[in-house]
Amino acid sequence: VQGAAPGSPGDQGSRWKEEICRILAEIQAPLSPLLLRLCHWLLPKLLTRLFLGVQLHRGQLEMVLQAARTPEVPLVFLCRHQSQLDGALLSFVLLSQGIGLPRVTVGASTSPRLRSLLQRLGGIFLPSGMPQPWSAPDEGLPGAVLDAYVQEVLRSRQPLVLFLEEPRAALRLAEPARRWLLRLLRALRDRAVPDVLLVPVGIAYDLAP
C-alpha cells in the first residue's frame, strides 16, 4: 500500500489532527487520581494552618445540592476571584459535598510546571493563538476547539467554575472570563445542552491569604 503523497487530503487531515491534539493539550490534561487523592488529604491540613475556620452557608449549600440533582442540566459556578486559593478551596467544598470535581478555569499566566500540575487537578486553560481583542469574530481553530471542549464538559455534566476577574483586579470582567462566558452562550445557541444552571458563589476572607 503506497503512502499518501505530500499535500494530499490524507496528509492535510493528519496535520489538522495533530494541531487539534496540540490545542487540546494546552486546554487540559488527563486528571491524576493520585494527585487528587494527595491534595484531598493535604488541603484540610493546609486550611487549618491558614484559617481559624471555614464557614459554609447551609441554606445556600442545600440549594446548590438540589440544583445538582436537576437531570441533564450542568452547573456553572460564577465566582469573584479573591486569592489564588479560591479554586482549590471551592473544588474541595464541591467534592466533599458529593457534587463532583469541577473543571476550574485558570486565566492567569503560569509557569509550565504549575500549569501541568493544575491541569491534572482539574484546571483548564485558554489555548494560545486566539486573536486579540477577545471580541474578534473569527477565533480560528483554537476557538473552534475550545467551543467543542466546553460543550463536551457541559454535556457530561461536569461542574464548571468560572472566575469573573483576576485577583485584586478592578470590578470588571477579565478578558479570560469573557472568552469562557462566550463559550457558554455558544453552547446554548447551538443547543449542545438544553439549559445551564448559573450558580453565583461568594468567597470572603477576614484576611486574604
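A crossing of two helices is left-handed if the near helix is turned anticlockwise from the far one by less than a right angle. The views below are taken from a predicted model.

**View 1. Crossing of helices H2 and H4.** Helix H2 (residues 33-50) packs against helix H4 (residues 86-96) at an angle of about 120 degrees. The axes of the two helices are 11 Å apart, and the crossing of H2 and H4 is left-handed.

**View 2. Residues in the contact of H2 with H4.** From H2, the contact is made by His40, Leu43, Pro44 and Leu47. H4 contributes Ala88, Leu89, Phe92 and Leu95. Sorted by class, seven residues of this contact are nonpolar and one is polar; no charged residues take part.

**View 3. The five-stranded sheet.** The strands form an open sheet in the order E3-E2-E4-E1-E5, and their pairing is parallel. Strand E3 (123-125) and strand E5 (197-201) are the edge strands, each pairing on one side only. From one strand to the next, the twist averages 30 degrees.

View 4. Val106 stands opposite Phe125, a residue of E3.

**View 5. Helix H3 on the sheet strands E1 and E5.** Helix H3 (residues 58-68) lies across strand E1 (75-79) and E5. Relative to E1, the helix runs at about 145 degrees.

How values were computed. Residues are numbered from 1 along each chain as its sequence is written. This is a predicted model: local features need pLDDT of at least 70, side-chain atom pairs count only at pLDDT 80 or more; totals for chains, interfaces and linings use all residues. Side-chain values use heavy atoms; hydrogens and water are left out. Two strands pair if DSSP finds at least two bridges between them. Helices (H or I, at least four residues) and strands (E, at least two) are DSSP runs, numbered from the N terminus. Axes are lines fitted to C-alpha atoms, for helices over the stretch in contact, and angles run from 0 to 180 degrees between N-to-C directions. Contact means heavy atoms within 4.5 Å. Ala, Val, Leu, Ile, Met, Phe, Trp, Tyr, Cys and Pro count as nonpolar, Asp, Glu, Lys and Arg as charged, and the others, Gly among them, as polar.
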